[in-house]
Amino acid sequence: MVSNESLGEQKVVTEIGEFNNYLQQVKKKIISIIGYGNQGRSQALNLRDSGFTVIIGNQKDKYADQAVKDGFQVLGIKDAIKKSQIAFVLIPDEIQKEVFEREITPYLKEGDTIVFASGYNYFYGYVKLPEFVNVIMIAPRMIGWGVRDVYEKNMGFPVLVSVGKDYDGNAEGVMFSLCEGLGVFRKGGCAIRSSFREETLVDLLTEHSWAGAMLYLFRAYYDVATNLGASPEAVILELYGSGELAEIAESMKDIGLFDQLGTHSHTSQYGQLTRGPMYITQDLKDTLYKEAIKILDGTFAREWTEEQATGLVVFNRLHALAREHPMEAEEKKLYKILGRGK
Ligand code: NDP
């Protein structure tokens with residue numbers, strides 16, 4: 001039995017359960033990991049250590065060298081696709097359309113399975129696949145090195161999963177077997193039944209809301225506090241440099257958003273609960289909603305595609321502008337003293 005705990009409309013799967021029947025047959029297949037970067041290396045090592053047969057598809061360069069050093073057979077992408085029955089596509093989202101067209105799609109065979117680690121390209125239709133393949137998504141909610149680190153500690157990690165196309169009727173069994181091989185179902189891990197649409201929405205909405213806002217809110221805080229006489233060092237350590245922010249995030253993960261509030265002093269809790277809501281205006285909610293719609297209707301994706309096609313001019317200018325703030329130079333100075341930074 002697959003254990004499904006109700007989470008609204010979601011289903012949380014914490015063990016391979018009935019799909020265990022598929023495990024041995026999936027282990028007999030050849031899996032190619034296309035791209036040996038952040039996710040690619042970790043997922044390849046986990047699958048191999050779990051007894052799956054793994055080869056790497058990568059062009060010849062430093063990533064390929066690392067894969068050879070790790071003891072994998074490394075082929076060009078086209079040859080890896082020809083040789084494997086299951087292909088994990090672990091190259092950056094923005095180049096997948098082109099790589100699929102050139103090196104993956106023409107070499108797919110009937111019954112092959114494509115595994116995406118994000119919903120982006122399949123949801124927006126940038127990658128189009130033939131009728132005769134299975135399409136699944138196993139999207140880690142964890143950065144690449146973390147996927148390997150937790151596996152080595154015998155722990156699991158969360159993923160969003162979905163079957164995009166079930167050509168041969170086995171896609172779900174293959175998907176959960178691969179989750180087992182990646183180490184998802186170890187202690188603390190789970191697979192959330194999701195969709196390519198949902199994964200794209202929640203992933204991008206994070207980037208377009210609090211993650212983006214945090215950078216600019218920190219800068220605004222810096223301006224106000226330093227104008228009132230605080231030193232740059234004190235501000236930078238307070239905001240993120242001390243590691244307290246990371247500890248708060250860790251505690252949200254471990255005990256939950258609401259219970260972690262109780263780990264702060266009463267003065268802090270009172271301040272957060274009275275002042276926090278002042279920033280959450282109707283304007284902010286309207287903006288969040290509009291941006292969510294721009295994700296779902298493809299407006300953002302089209303903008304980003306166009307930006308890449310026209311040479312990343314805006315992207316590079318915004319990077320430079322973000323760094324023009326005095327906080328950047330102060331951070332560099334402080335981090336040099338502390339022996340941190342690049
Ligand atoms: P990386 O940026 O680490 O990918 C690097 C790999 O892509 C290298 O093997 C590189 O090889 C290859 N690559 C880069 N450019 C090209 C090209 N033009 N042609 C062929 N290969 C190329 O990717 P991530 O691991 O960050 O992301 C992979 C997938 O995982 C994405 O779908 C992403 O959304 C998803 N994901 C990523 C997470 C993360 O934490 N990073 C978290 C969850 C999901 P080379 O340079 O040799 O070509």
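These entries record what I looked up in a predicted model.

**Entry 1. Conventions**
I number residues from 1 along each chain as its sequence is written, and side-chain values use heavy atoms, with hydrogens and water left out. Since the model is predicted, local features need pLDDT of at least 70 and side-chain atom pairs count only at pLDDT 80 or more, while totals for chains, interfaces and linings use all residues.

**Entry 2. The second largest pocket**
I looked up the second largest pocket and found about 150 Å³ of space in it. A pocket is an open set of points on a 1 Å grid over the protein atoms alone, where a 1.4 Å probe fits, with protein on both sides within 12 Å along at least five of seven lines; lining residues have an atom within 4 Å of a point. The volume is the space filled by probe spheres set on the points, which are joined across faces, edges and corners.

I then asked which residues line the second largest pocket. They are D93, E94, K97, Y120, N121, Y126, W304, T305, Q308 and A309. Helices α5 (93-104), α6 (120-124) and α15 (299-309) each supply at least two lining residues, and the largest share, four residues, comes from α15. Helices are DSSP runs (H or I, at least four residues) and strands are runs of E (at least two), numbered from the N terminus. By class, I noted four nonpolar, three polar and three charged residues in this lining. Here Ala, Val, Leu, Ile, Met, Phe, Trp, Tyr, Cys and Pro count as nonpolar, Asp, Glu, Lys and Arg as charged, and the others, Gly among them, as polar.

**Entry 3. Loop residues**
I located I280 in the loop between α13 (266-275) and α14 (282-296). I280 is partly exposed, with a relative accessible area of 48%; buried means under 20%, exposed over 50%, and partly exposed in between (1.4 Å probe, protein chains only).

K60 lies in the loop between β4 (53-57) and α3 (62-69), and at 82% relative accessibility K60 counts as exposed. From K60 to L321 I recorded 261 residues in sequence and 35 Å in space, C-alpha to C-alpha.

**Entry 4. Positive phi**
Most residues other than glycine have a negative phi. I noted N154, with a positive phi near 60°, in the loop between α7 (144-152) and β9 (158-165). L312 also has a positive phi, near 55°. L312 lies in the loop between α15 and α16 (313-323) and counts as partly exposed, at 27% relative accessibility.
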